[in-house]
Structures are given as C-alpha cells and as structure tokens.
Amino acid sequence: MQVFKRIFHEKFNINTIAILTSLVTVIFLMMQIRLMGKQTQVFINQAKNSSWPRLSVSMSRGFKYGGMNLLRLSIANKGVGPGIIEDVNLSYKGKEFNTWWEFYNLIKVPDSIARSHSDSGIYKGFVISSNENINIIDWSKNEDLMVFVHKQLMDVKMKIKFMSIYGDSWVLEKDFSSD
C-alpha cells in the first residue's frame, strides 16, 4: 500500500506541475497577444500619420504699373498623402453660395462687366495629390471683374472638409479678410 501511495503522490505532483506550467504558458500567450494587438495599432497609426494630407487655401494678387493684374484662389496639398474633398461651403457675409455665378449675383456685379473667369471646381470626391497646387478660380484675364471681385473677397469664407485615404477627416476654414 505504501508503494501505491508513493507512486500516486509522485504522479499527482507531476500532473499538478504540468497543469500549472500549462496555465502559466496560457497567461503569457494571452499577454503576448494583447501586446501584439497594441503594437499592430501603433503600426496602423504610424501608417496613417505618414500619409496625411495638409491642405491650405491662398489668395494670390499681383500688381503691375499701379494696377492689379493677378487675382486667384488656390488650394495646395503640402502633405505626404492625397486629400479627398468631402464637402465645400462658400459664404459671402454669412450667405451661402454654391457657384461663382451665385457669388456674382450676391455681390451685384454690374451688367457692364463680363462675368468670365477660369476655374477648376473642387467638389465632393475631388482628390488633391501630394505636392499638388490647383487654381480654384482665376480672374486675371478679366480685369474689370477682377477689380470688382477683389473688394468683395474680403467677406468670403471658405470651409473645406477633407479626408485621408484612411478616412481621417479635417476641416479647413479660410477667411480672406486676413489676406
């Protein structure tokens, strides 16, 4: 009987040690999986950050021989990733407009001034590549309209919502009164 108890006791100890070893291994594996999940999230965030767009809107003006010869609004992407336009809101003295033709009506451009300009409309889904600069609108070839519009641009506000290829969104607000 003594031999039986001793063998049973030794087997019990070996089984207990094996079970404890297995439990410790499972705990370490769970901790490692959790750590790997956090590390994956860090890698994903680094990938997102390395492809963010950085959009800016600017007004360019030029004067020659005492008169204005250049007036344009541009949008540039100085980031490393493309910027995808989600929404564009334009307003003049708090009144929203969707097209530059509506803007001309709001500012009451006289009939004696031709309403012509060149533009590259930015709209939902429009993609601005890294290091790309696009003229939103250029009045330089219509001097009369350019001079008339220049005075009114100080009351124009532009709000552009854009996102990265990973879906991160930002809003760019531009007030031309400071330009």
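These legends accompany several close-up views of a predicted model.

Residues are numbered from 1 along each chain as its sequence is written. In this predicted model, local features need pLDDT of at least 70, side-chain atom pairs count only at pLDDT 80 or more, and totals for chains, interfaces and linings use all residues, while side-chain values use heavy atoms, leaving out hydrogens and water.

**View 1. Confidence across the protein.** The mean pLDDT (the predictor's confidence in each residue, from 0 to 100) is 88 for the protein, and 93% of the residues score at least 70.

View 2. Phe28 belongs to helix α1 (residues 2–49) and is exposed, at 53% relative accessibility. Buried means under 20% relative accessible area, exposed over 50%, and partly exposed in between (1.4 Å probe, protein chains only).

**View 3. The salt bridge of Arg72 and Asp138.** The structure holds 1 salt bridge, defined as a side-chain nitrogen of Lys or Arg within 4 Å of a carboxyl oxygen of Asp or Glu. Arg72 and Asp138 form it, at 3.3 Å from N to O. Arg72 sits in strand β2 and Asp138 in strand β7 (residues 133–138), so the pair ties together parts 66 residues apart in sequence. Arg72 is partly exposed at 24%, whereas Asp138 is buried at 13%.

**View 4. Trp101 meets Tyr104.** The structure has 10 aromatic pairs. Their ring centres are 5.4 Å apart and their planes at 80° for Trp101 and Tyr104, so this pair is edge-to-face. Rings of Phe, Tyr and Trp (its six-membered ring) pair with centres within 6.5 Å; planes under 30 degrees apart are stacked, over 60 edge-to-face, and the rest tilted. Trp101 is partly exposed at 44%, but Tyr104 is buried at 0%. Ring pairs also link these two into a cluster with Tyr92, Phe97, Trp100, Phe103 and Trp139.

Methods. Helix = DSSP H or I, 4+ residues; strand = E, 2+ residues; numbered from the N terminus.
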